[in-house]
Amino acid sequence: PPLIQDDFEVEQSSEEKRLILITGGLDVLPCIIDGEGDVRYYIRRNPKGYGIYPISDGKFLYLEKKVSTPTFTNPNAVQFYEMDFLGRATKSYFVEDGCHHDGGEMMPGGNFLMASSSHLGQTEDQIIEIDRVSGKIVKKLRMEQILGSYYKDRPDWAHINSVEYIKEENAVYVCLRNVHSACKINWNKMELEWILADPRVWEESPIADKVLTPVGTNIWPFQAHAFHPLG
């Protein structure tokens, strides 16, 4: 099996038994370490460089490294599997638009939400929802549809780095590295609700009114690689 467990005979404290998943990186095997930093498990078959995406029922999504579609920058994975921690693939998906950077279940047992690419002269600029049963794309949203073309000056103008669905709000939170912004999107209406960014980034754009008003003194992030709401 792809998953290998290292043997430890030393009795460990509760703090040492705390396990941490490390995943992502071109030459880094996904692994699980304990509280002492010792590797307890690792997957010996390297996935796409974006790593694995944990889902419910003790499984994860595994993006195939060697089956990709070309883009204007980095190839996107088109084949991914539902896999358990014994390395058993229980279902395979083929997504023609490709997947990159981030993805997972919208809710336990539900559809998948993935970062993707439109291939309409741009890359890493699209969010897709994949039907869990059929494997078909049921929704697509290009960042140009909600942000306009103000910053669309190169193929990788948006660069989606993280996506997360919040069921209670029916909202998608997305991190866009190359426009230094995090956004909240109404997934039912496919509309932009707000942008979290240094107001100067969008102050001359048509959507300046969507930028949240800062309170107090802030240190603004630039080239952010992930955004996840708390709570």
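Modeller: Two strands pair when DSSP finds at least two bridges between them, strands being DSSP runs of E with at least two residues and helices runs of H or I with at least four, all numbered from the N terminus. This is a predicted model, where local features need pLDDT of at least 70 and side-chain atom pairs count only at pLDDT 80 or more, while totals for chains, interfaces and linings use all residues. Residues are numbered from 1 along each chain as its sequence is written, and side-chain values use heavy atoms, with hydrogens and water left out.

Colleague: What makes β15 and β16 a pair?

Modeller: Count the bridges: 5 join β15 (residues 181–186) to β16, and at least two are needed, so they pair. The two run antiparallel, and K184 faces W194 in β16.

Colleague: How do you know what β14 pairs with?

Modeller: β13 and β14 share 6 bridges, with C175 as the partner of S162. β14 and β15 also have 6, again antiparallel, and there A171 sits opposite N186. Both pairs are hairpins with 4 residues between the strands: N170 has a positive phi of about 45 degrees in the β13–β14 turn, and H180 one of about 55 degrees in the β14–β15 turn.

Colleague: Why are β13 and β16 called edge strands?

Modeller: The sheet is open, in the order β13-β14-β15-β16. β13 (160–166) and β16 (191–196) each have a single partner, so one side of each has no neighbour in the sheet.

Colleague: What makes C175 count as buried?

Modeller: Buried means under 20% relative accessible area (exposed is over 50%, partly exposed in between; 1.4 Å probe, protein chains only). C175 comes in at 1%, so it's buried. C31, at 13%, is buried too. As for β14 as a whole, 6 of its 6 residues are buried: A171, Y173 and C175 on one side, V172, V174 and L176 on the other.

Colleague: Which residues touch the most other members of the largest nonpolar core, and what makes it a core?

Modeller: A nonpolar core is a set of buried Ala, Val, Leu, Ile, Met, Phe, Trp, Tyr and Cys residues joined through side-chain atoms within 4.5 Å. The largest has 27 residues, and I127, M143 and L147 touch the most other members. Elements supplying at least two residues each include α1 (143–147) and β14 (171–176). A separate core has 14 residues, among them Y53 and M114.
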